[in-house]
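Here is a short tour of one structure, arranged by topic. Have the viewer open as you read, and turn to each residue as it comes up.

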Amino acid sequence: LDRARALKILHLEWQGVAEIGGLEVFEAAEVLYLQGNRIERIQCLESNPRLQFLALQYNRIAVVENLLHLTDLEFLDLSGNLIKDLDVTELPKSLNILNLRDNLCTQAPGYRDSVLLRLPDLIRLDGVMLQASEGEQTSPAEDSTPEQPAEI
């Protein structure tokens with residue numbers, strides 16, 4: 001039990017998990033992989049406040065919710081889910097990397113602007129690096145010179 005409490009990284013991807021639960025014992029977890037399951041709701045993460053990295057891509061999630069208590073969360077991948085309408089106020093402001101690719105919400109008018117307004121420290125949105133000062137997309141060619149390779 002003490003070993004479980006001390007675990008920092010949990011791999012539960014591609015296991016056919018239908019709902020998030022039973023993670024209370026993993027209170028020290030900082031990284032949680034849950035991609036490729038059958039999860040429909042983001043829930044039961046209250047006992048994991050130290051999470052910094054949350055991978056939930058390719059599930060059946062329709063609503064972004066129950067994440068605001070994750071004040072250390074820096075990475076959130078929800079790509080390939082069923083999110084049509086995004087409530088940006090449900091996103092923790094601590095996020096640096098957010099991926100919502102392959103969700104209908106990314107096609108909504110004003111999607112990018114509302115996300116950038118909510119998340120001022122965002123450096124990567126939907127797989128694209130953002131310019132620090134303006135929050136504008138840049139390509140690797142614009143970011144680097146031959147002496148300085150682009151960040152990946």
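Predicted model: local features only at pLDDT ≥ 70, side-chain atom pairs only at ≥ 80, totals over all residues.

Asn66 is partly exposed, at 29% relative accessibility; the classes used here are buried (under 20% relative accessible area), exposed (over 50%) and partly exposed (in between), with a 1.4 Å probe and protein chains only. Phi of Asn66 is near 60 degrees, a positive value in a residue other than glycine. You will find Asn66 in the loop between S3 and S4. Helices (H or I, at least four residues) and strands (E, at least two) are DSSP runs, numbered from the N terminus.

Tyr58 also sits in the loop between strand S3 (53–55) and strand S4 (75–77), and its phi is positive too, near 55 degrees. Its relative accessible area of 42% makes Tyr58 partly exposed. For context, most residues other than glycine have a negative phi.

Residues are numbered from 1 along each chain as its sequence is written, and side-chain values use heavy atoms, leaving out hydrogens and water.

The protein chain has a mean pLDDT (the predictor's confidence in each residue, from 0 to 100) of 89, and 86% of its residues reach 70 or more. Residues 134–152 have pLDDT below 50, and beyond near neighbours in sequence this stretch has 20 contacts in the model, a contact being heavy atoms within 4.5 Å.

## Three salt bridges

The structure holds three salt bridges, each defined by a side-chain nitrogen of Lys or Arg within 4 Å of a carboxyl oxygen of Asp or Glu. One joins Arg41 and Glu65, with the closest N and O atoms 2.9 Å apart. Arg41 lies in the loop between S2 and S3 and Glu65 in the loop between S3 and S4, so this pair ties together parts that are 24 residues apart in sequence. Glu65 is buried at 17% relative accessible area, whereas Arg41 is partly exposed at 41%.

Another pair is Asp2 with Arg5 (3.7 Å, N to O), both in helix H1 (residues 2–6) and about one turn of the helix apart.

## One face of helix H2

In helix H2 (residues 111–118), Tyr111, Val115, Leu116 and Arg118 are buried. Seen down the helix axis, the buried residues fall within an arc of 165 degrees, so they line one face of H2; the arc is taken from the directions from the helix axis to the C-beta atoms. These buried residues pack against strand S5 (97–99) and strand S6 (124–125), while exposed Asp113 and Leu117 are on the face turned away.
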